[in-house]
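Student: I would like to learn how to read the features of a structure that is new to me. Could we go through it together, one feature at a time?

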Amino acid sequence: MTLAPAHDELVENLIEAMTWEQKLAQLQIAFRPRLEDAAELVRSGIGAVFWPRSAEATNELQRIAREETPHGIPLLVGLDVIHGQRTTFPVPLAQAASFQPETAETDARISAQEAASGGVNWTFSPMIDVSRDPRWGRVVEGFGEDAYVNAVFGAAKVRGYQGESLRDRDSILACAKHFVAYGQAEGGRDYNTVDVSAQRLRNVYLEPFRLAVDAGVATVMAAFNTVSGRPAHANHFLLTAILKEELGFNGVVVGDAEGVVNLLDHGIAEDLPDALRQSFAAGLDVEMGGNVLTADGGARLRPDDVPLARVDDAVRRVLSLKLALGLFDDPYREPDLEVTAPSRASRQVALTAAEKGLVLLKNESVLPLGPERKRVLLVGPYANSTDHLGAWVQSFAAPAGSLADAIRQECPEWSLAVKEGTGFFEGDASLIADAVADAAGYDAVVVAVGEPSALTGEASSRSDLRLPGAQEELIRAVAETGRPMAVVMFNGRPLVTSAWVNSVPAVLEAWHAGLEGPRAVARALSGSMNPGGRLPMTFPRSSSQVPIYYDHENTGRPATVSGTIDGGTLDVALMGPGNTDDHYTSKYKDLDLGPQFPFGHGLSYTSFEYGGLKVSAPEVSVADLRAGKSVGVEITVRNTGARAGDEVTMVFIRDLIASLAQPIRRLRGFTRTSLQPGEARSLYFELGWNDLGFWDNDGRYVVEDGDFEIHVGGGLDGTAVGELRVRP
Ligand code: BGC
């Protein structure tokens, strides 16, 4: 999608006619003002507001802007529509677990339709901060640890929000955030310092933004953090040299909430005018907070603080988006058509999305429990909880039900007993004793545990990644009864399960999966659907093992143990288990090697087999790759089990010798295929210039000659390996 032409006549005439103060007023968004205050701000010419909660209230603000301000410039109306407006979809991390970008695209489309009907025309989504540290609460808002997954899902979200044309009445502006490297906050502590090398910045953190810009994202939000000492809000190198000049971004760069004010605490600005001056000079276009003008409309920036051309450029960007949205023609929404509740159809899409994100972490012949009459005991703090919507949910979104109710609805043949209560968080020993006392009387026990969504999201970093409260004790107590059991986890980040995972036969990762999350889980437990999601983030063995991620470099002293798993070769650097007595190697002495569950892990109720890997050519030259030639990779996948199921196929490369140490695997393609029992499908991927190179420390993208391995399969282990030589 292309944004509005930069020099439209209407826009240029306005810029010509506007005063300095009127221009500055367009360059701020008032942060969640009270409605009365919002009306006054709009009267004073402010360019953007947060959504005032209904089509009617928005229309009134738009009317004031159109009719009571000198130039009649309509408003941008922003809101964090992150994973739903009225219909809440799974949290973005759970969407990534689907490994099906359509999941994110349909969430964004429906969210845009619902939000636009109420007058919202700008969402602060998608978040495409790659993060390898689950202590950081905001991992729930993004698409996990891999740059490529974030790039593909972020672009899908942008397409969904912005639709085919911004002029369409159900299109809203997307905002790729947070620019940039916020996911590398030291220690996983929110808002903390980021210090990042040039190559990692470009190969990991910038990669998703590059694709978002290619997808036509209309706005980008600056991050709270510093990058190499300079806060992003005032970082000319990031906002202008990289984002606007190198990536060619011609939309609006918006600040994060009070991010400009925060420059004072960062210790790089002496007062607010100084902070504003540095930010606009660096390339910020809109300040979030409403601090550019004083309460009585005075300018905090003088005309000689920032070059006029820079301010005009920012105003031009803002007005161009308003033009592209069609707001100058009609900024109003029909109150009678405002969507205020999920529809049957949107619920169905939310159910599919929740199902696609379920990850079966472990299953030793327990799941599915089967549809036949079963006596099932459901215990745990999440048995009756309705905390399924997750972080960044709208206060006015339709509420979710509980797992207990969903099981009653989806599995009417079962006789269900429920032992629930938040006392499990508090370590109520009698509750645990009571919960397990009569386990013997049931065919199966389902333990519903989790991490309250209030412990996930912004400003919710955790130092301890285990299930909070006494939930581990509950799991162990149930395991000791020896009854067939399954643990279901509702959470918003990778958790540490090592204290109990070996003593339970089945674990289903359900995440905070939104409005229809509980139904999806009930259907997975009974076998009405077959989970096929995969982990978009590594699950560590211990909180002290982070950051941990699959695409790490080998180091000069990799720790390995030889072994086999499922008949294939085990690459313990990726997979564990076991430790090594090879002393001078990179490892923790007191932990098995590798993660608990690696990136890409996920089981199924059926099984799959791969065969016939073909790489279309043994060699390709750098020049041919640069000219657009690609190499084909073909493989056949077959469902070898007795049930229909989905398989996620991933293509990783390894660049064996390069001038900079390369990751031991790098994901360059994936696809999710639904297969009936016995059905086979041939899959085709292409690897080209963008897949086989990397960004060096001088900011150059290079493809180096040499040998590559191409790993194709259902995850990191047991892959088929092809070879490719890149000639000079
Ligand atoms: C968050 C942003 C969000 C903004 C507006 C900030 O605190 O960091 O992600 O878009 O608030 O609500």
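**Sheets and a ligand site**

Tutor: Let us begin with an open sheet of 3 strands, which has the order β5-β6-β9 with parallel pairing. Strands (DSSP runs of E, at least two residues) and helices (runs of H or I, at least four) are numbered from the N terminus, and two strands pair if DSSP finds at least two bridges between them. At the edges stand β5 (175–179) and β9 (252–254), each with a single partner strand, so one side of each has no neighbour in the sheet. This is a predicted model, in which local features need pLDDT of at least 70 and side-chain atom pairs count only at pLDDT 80 or more, while totals for chains, interfaces and linings use all residues. Residues are numbered from 1 along each chain as its sequence is written, and side-chain values use heavy atoms, with hydrogens and water left out.

Student: In which sense do β6 and β9 pair, and over how many bridges?

Tutor: Strands of a sheet pair through backbone hydrogen bonds, either parallel or antiparallel. Here β6 (residues 219–222) and β9 pair in the parallel sense over 3 bridges, and Val 220 stands opposite Val 253 in β9.

Student: Which helix lies across β5, β6 and β9?

Tutor: Angles run from 0 to 180 degrees between N-to-C directions, with axes fitted to C-alpha atoms, for helices over the stretch in contact, where contact means heavy atoms within 4.5 Å. Helix α10 (residues 236–246) lies across the three strands, running at about 140 degrees to β5.

Student: What is the order of the strands in the antiparallel sheet?

Tutor: This open sheet of 3 strands has the order β19-β21-β24. Its edge strands are β19 (608–615) and β24 (680–687), each pairing on one side only. Strand β21 (residues 631–639) is joined to β24 by 8 bridges, and Arg 638 has Ala 680 as its bridge partner in β24.

Student: How many residues surround the ligand, and which are the closest?

Tutor: A residue is counted as near if one of its heavy atoms lies within 4 Å of the molecule. The ligand is surrounded by 15 residues, the closest being Asp 80, Arg 138, Lys 177, His 178 and Asp 256. For polar contacts to the ligand, look for a pair of N or O atoms within 3.5 Å: a ligand oxygen is 2.4 Å from an N or O atom in the side chain of Asp 80, and a ligand oxygen is 2.7 Å from such an atom in the side chain of His 178.

Note on methods:
A polar contact is a pair of N or O atoms within 3.5 Å; within protein, one must be able to donate a hydrogen and the other to accept it, and residues adjacent in sequence count only if both atoms are side-chain atoms.
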